[in-house]
Amino acid sequence: MARKSSLLKRAAIAVVSVIAIYVILNASVSRSLPSSSDLPRQLIREDDDEGGSPIQPRVRVYMYNLPKRFTYGLIEQHSIARGGIKKPVDDVTTLKYPGHQHMHEWYLFSDLNRPEVDRSGSPLVRVLDPDDADLFYVPVFSSLSLIVNAGRPVEPGSGYSDEKMQEGLMEWLEGQEWWRRNGGRDHVIPAGDPNALYRILDRVKNAVLLVADFGRLRPDQGSFVKDVVIPYSHRVNLFNGEIGVQDRNTLLFFMGNRYRKDGGKVRDLLFQVLEKEDDVTIKHGTQSRENRRAATKGMHTSKFCLNPAGDTPSACRLFDSIVSLCVPVIVSDNIELPFEDVIDYRKFSIFVEANAALQPGFLVQMLRKIKTKKILEYQREMKLVRRYFDYDNPNGAVKEIWRQVSQKLPLIKLMSNRDRRLVLRNLTEPNCSCLCTNQTGRITSI
């Protein structure tokens, strides 16, 4: 009995010793850790107002108060050029931004102008003092500026000039101390149209560019490491029906400009291969209200929607297909897609190598073999992800773009600090970051 008591006594002493050591070590570690006030503000997790649960850190962004000639003034110029108004108006902020496939710049601008109470869940919080900012947003309507004159040349000294707008923007930015501080690295600039800001791209390439298509950017101008691929704004109505194929009697649908440049020449070749197929609708059509209605009806009543390259690898038609629950058939070998860190496009899209798609009979025979069950799987996946491509959805494209932007902050800080440290560089070629990818390719995702 005495032996048992002795064992219990030694065990109790051991337990008490372990607890004492743990308390001492824990107190020591706690004293050595920085407090929340010592941490960089972008790493501090804020509490959710509702449940007190932690949410993702919010990056602080300062939106420049640009001169109106770079924002609302462009809406005014666009309206004047098209006869919507006859002369400049007293209050340009009352003008409505025109609908087109690069409306992201309007949605992002509008989002940051909303009260913070209405931006719940956004990865970014707007600050009004540039000293408090992690990032700086430049809300120029660069894509709208490009189409003010619809691509028509302007006589010197008359009309509106996109080139002059770009030069004016660059002059204004270079006058800002925050731009000069890091060479623009911590700035975010929308350049959605492949030709937007083309004249000054070499001077803003350090910034985070919001780009819908990388097809026009040189490797030393754009990079997946620093930039963000954004979706085009869809131009057809969302399909509000249920998944199914009973009302989708067309096998494959396409409506768009038949004649494109560069990689888009594949369109004319696809027309030649497909236009005589009985269950395929392939039409030449340019942007107009009537053609958008026809495209909406065609996409809503087809099983598959063809998405060939245009002048550049991507086009708004892909996002029209997704919101229509029409399975995208992507024939664009060099396409880059938005939000691929969270979206697997193979779950709802079919990728076909261009040379294979141009073989007579190959494409339609492949699509006819796809069972209804598989089409329904594609449609379910599209229904799950289509909010990511909807700029009107509160949890849609705008929030996803800001999420991608916020993830660039650590790299921006790394590159900014590194640039300030380096004194002499003996480089004969641009030193660009890159990502290595699988170069073997595939013929089809089926």
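Two strands are said to pair if DSSP finds at least two bridges between them. Helices (H or I, at least four residues) and strands (E, at least two) are DSSP runs, numbered from the N terminus. The model is a predicted one: local features need pLDDT of at least 70, side-chain atom pairs count only at pLDDT 80 or more, and totals for chains, interfaces and linings use all residues. Residues are numbered from 1 along each chain as its sequence is written, and side-chain values use heavy atoms, with hydrogens and water left out.

Let us begin with the sheet. Strand 1, residues 59-63, runs parallel to strand 2 and is joined to it by three bridges. Within this pair, Val59 stands opposite Leu124 of strand 2. The open sheet has six strands in the order 2-1-3-4-5-6, with parallel pairing. Strand 2 (124-126) and strand 6 (228-229) are at the edges with a single partner strand each, so one side of each has no neighbour in the sheet.

I turn now to the interior. A nonpolar core is a set of buried Ala, Val, Leu, Ile, Met, Phe, Trp, Tyr and Cys residues joined through side-chain atoms within 4.5 Å; buried means under 20% relative accessible area (1.4 Å probe, protein chains only). The largest such core has 111 residues, and Leu210 is among those that touch the most other members. Another core, of eight residues including Phe253 and Cys305, lies apart from it.

Finally, Ser416 belongs to helix 15, residues 409-421. Is Ser416 buried or exposed? Ser416 is buried, at a relative accessible area of 6%. Beyond its neighbours within four places in sequence, Ser416 is in contact (heavy atoms within 4.5 Å) with Asn182 and Arg185.

Note on methods. Buried means under 20% relative accessible area, exposed over 50%, partly exposed in between (1.4 Å probe, protein chains only).
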